[in-house]
Amino acid sequence: MKIRCSALGKIMTNSRTKGTLSETCKTYIKELYLENELGIKKEFWSRYTDKGTRVEKESIQLANDVLGWNLTFAQINDEQLYHENDYVTGHTDVCTDVLLADVKSSWNASTFPFFDEKIDKKYMWQLMGYMFLTGHDKANLTYCLINTPEDMVLDEIRREHWKQNAFWQGDEDPEIIEYVRSQHNFEHIPKEIRVKNYIIERDEKLINSMKERIEESREYYKELKSIIK
């Protein structure tokens, strides 16, 4: 049993009872067991993740331009970035000999971390996992503010009309259209402001604690096998 780097934040949550796994960790291990042993995969989709997938390459290009990563076209569009070791697996967005980065595409202007200086713990663990996988000493957590694809903007305009009027009959309100578009179109904002970059340093103590938690999670995984025979 190996843990996806994107799920490390779940298993690394601490239990209120010392010496036991947290409920968040146990829930994830149960989901992983069902997926690995029974082929029951929990589906997850949202318009937020959909946008992230669709604009990923555009976000990497923006970060490349603003941060001076000097990536080539081939590196930006490389789909072969899967990594695996004895403990974790992961798909990195950018991984070269000198650069490791995970690029997040913010949903809208309200969710972009213009002023935030604190790194979300779940992303810290994800990047620590990537460093564990690749051997890098530091990693970039990079947020980008990219225009939302037009078809998704139109969906948001309709959603906002329904939100403000449950009996909406299809007549569009110019103020609602302007408001929604202002939340999803950012070409008027200098590109340097639309990239927020954090540097996370490799920490062997955290990596060792990650390995220990995975070993504990494997024991719980074995317990699940005794329940479902």
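H6 and H9 are roughly perpendicular to each other, because their packing angle of about 95° falls in the range from 65 to 115 degrees. The model is predicted.

**H6 against H9**

Helix H6 covers residues 121-134 and helix H9 covers residues 204-227. Their axes lie 10 Å apart. From H6, the contact takes Met124, Trp125, Met128, Gly129 and Phe132. H9 answers with Leu206, Ile207, Ser209, Met210 and Lys211. By class, this contact has 7 nonpolar, 2 polar and 1 charged residues.

**H2 against H9**

H9 also packs with helix H2, residues 23-38. Here the axes come within 10 Å and cross at roughly 55°. H2 and H9 are therefore oblique to each other. Their crossing is right-handed. On the H2 side the contact residues are Cys25, Lys26, Ile29, Lys30, Leu32, Tyr33, Asn36 and Glu37. On the H9 side they are Ser217, Tyr220, Tyr221, Leu224 and Lys225. The classes are 7 nonpolar, 2 polar and 4 charged.

**H3 against H7**

Helix H3 (residues 47-54) packs with helix H7 (residues 150-164) at an angle of about 160°. The two axes are 11 Å apart. H3 is therefore roughly antiparallel to H7, as the angle is over 145 degrees. The crossing is left-handed. Arg47, Asp50, Lys51 and Arg54 of H3 meet Asp151, Met152, Glu156 and Arg159 of H7. This contact holds 1 nonpolar, no polar and 7 charged residues.

| Helix pair | Angle between axes | Axis distance |
|---|---|---|
| H6 and H9 | about 95° | 10 Å apart |
| H2 and H9 | roughly 55° | within 10 Å |
| H3 and H7 | about 160° | 11 Å apart |

**The second largest pocket**

H3 and H7 also contribute to a pocket. The second largest pocket holds about 220 Å³ of space. H3, H7 and helix H8 (174-184) are the elements that give two or more residues to its lining.

Conventions: Residues are numbered from 1 along each chain as its sequence is written. This is a predicted model: local features need pLDDT of at least 70, side-chain atom pairs count only at pLDDT 80 or more; totals for chains, interfaces and linings use all residues. Side-chain values use heavy atoms; hydrogens and water are left out. Axes are lines fitted to C-alpha atoms, for helices over the stretch in contact, and angles run from 0 to 180 degrees between N-to-C directions. Helices (H or I, at least four residues) and strands (E, at least two) are DSSP runs, numbered from the N terminus. Angles under 35 degrees count as roughly parallel, over 145 as roughly antiparallel, 65 to 115 as roughly perpendicular and the rest as oblique. A crossing is left-handed if the near helix is turned anticlockwise from the far one by less than a right angle, and right-handed if clockwise. Contact means heavy atoms within 4.5 Å. Ala, Val, Leu, Ile, Met, Phe, Trp, Tyr, Cys and Pro count as nonpolar, Asp, Glu, Lys and Arg as charged, and the others, Gly among them, as polar. On a 1 Å grid over the protein atoms alone, a cavity is a set of points where a 1.4 Å probe fits but cannot get out, and a pocket is an open set with protein on both sides within 12 Å along at least five of seven lines; lining residues have an atom within 4 Å of a point. Grid points are joined across faces, edges and corners, and a volume is the space filled by probe spheres set on the points.
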